[in-house]
Amino acid sequence: MKKYVIVVAGGSGIRMGSEVPKQFLLVGDRPVLMHTLNVFYEALPDFHLILVIPEEHFSFWESLCLKYNYIKPFLLVKGGTSRYQSVKNGLVLVPEDALVAIHDGVRPFPGIEMIQRVFKHAEENGNAIPVMPLNDSIRKIEGTENMAVDRSLYRLVQTPQCFHAKLLKDCYQKTTTDAFTDDASVLDAFGIKINFIDGENGNIKITRKEDLSYAEFLLSAKK
């Protein structure tokens, strides 16, 4: 099956306290988003990349590509008003007989082997998402009350999340809400079983300033 990757990069710099959207901030010698895209080119020898960003960021992204001589091929798609709408816009370019992975633009270090595993598992089982066990104790809040819960029953969810394209496109077409925070949740709405693979500690999502420092550490460890 042909492989497609939709990288969604519609974030702002609000929680980062930056005027520049977090996907465009520097880690090492280049913007976060370029690190993200490069990993997929290393992991997948033959695939199609779709980059979804807000239309108002098109010219800025193009200027960064010129500045850093970034010439990797990708299709640029206008983002929507929510993550759900942005993914839906990207799915328009994906044929039904393909595999498609959705990835957060601010997760710059998914492992090459993990990317390959998520595609293989999704091809064999219809879908696959990387997850991690919780290390900390957690509590559930109900109104003004809270209670301890068994952390072994929960998992942290990462991206890329990979699917048979027809399955994901059908579910996206049938939904009437854009409140979903990831793509597995869209399948959940139709009772479709989600398949897990092991995620990675280094597959961080850059959200706050301290995440940038950790990303710098991870980058230096790769050299």
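The legends below describe close-up views of a predicted model.

Residues are numbered from 1 along each chain as its sequence is written, and side-chain values use heavy atoms, without hydrogens or water. Because the model is predicted, local features need pLDDT of at least 70 and side-chain atom pairs count only at pLDDT 80 or more, while totals for chains, interfaces and linings use all residues.

View 1. Helix H2 spans residues 58-67, and its buried residues are Phe 58, Trp 61, Leu 64 and Cys 65. Here, buried means under 20% relative accessible area, exposed means over 50%, and partly exposed lies in between (1.4 Å probe, protein chains only). Helices (H or I, at least four residues) and strands (E, at least two) are DSSP runs, numbered from the N terminus. Ser 59, Leu 66 and Lys 67 are exposed, on the face of H2 turned away from its buried side.

View 2. The buried residues of H2 pack against strand S3 (30-31), helix H1 (32-43), strand S4 (48-53) and strand S5 (75-78); contact means heavy atoms within 4.5 Å. Asn 69 lies in the loop between H2 and S5. Although Asn 69 is not a glycine, its phi is positive, about 50 degrees. Asn 69 counts as exposed, with 60% relative accessibility.

View 3. Asp 178 is placed in the loop between helix H5 (165-174) and helix H6 (184-188). Its relative accessible area is 35%, so Asp 178 is partly exposed. Asp 178 and Tyr 84 are 94 residues apart along the chain, yet their C-alpha atoms are separated by 5.3 Å. With neighbours within four places in sequence left aside, Asp 178 is in contact with Thr 81, Ser 82, Tyr 84 and Gln 85.

**View 4. The polar contacts of Ser 82.** Ser 82 is found in the loop between S5 and helix H3 (83-91), and counts as buried at 17% relative accessibility. The side chains of Ser 82 and Asp 178 make a polar contact (3.4 Å). A polar atom of the Ser 82 side chain also lies 3.2 Å from the backbone nitrogen of Gln 85. A polar contact is a pair of N or O atoms within 3.5 Å; within protein, one must be able to donate a hydrogen and the other to accept it, and residues adjacent in sequence count only if both atoms are side-chain atoms.

**View 5. A cis peptide bond at Pro 160.** Thr 159 and Pro 160 are joined by a cis peptide bond, with omega about 10 degrees. Pro 160 is in the loop between strand S10 (155-157) and strand S11 (161-164).

View 6. The whole structure contains 8 salt bridges, each defined as a side-chain nitrogen of Lys or Arg within 4 Å of a carboxyl oxygen of Asp or Glu. Asp 104 and Arg 107 meet in one of them (3.0 Å, N to O), and both residues are buried. Arg 83, Asp 104, Arg 107 and Asp 183 are linked in a salt-bridge network. Glu 124 and Lys 120 form another salt bridge (2.7 Å, N to O); both are exposed. These two residues lie in helix H4 (residues 112-125), 4 residues apart, about one turn of the helix. Asp 29 pairs with Arg 30 in a salt bridge, with the closest N and O atoms 3.4 Å apart. Asp 29 is exposed at 51% relative accessible area, whereas Arg 30 is partly exposed at 27%.
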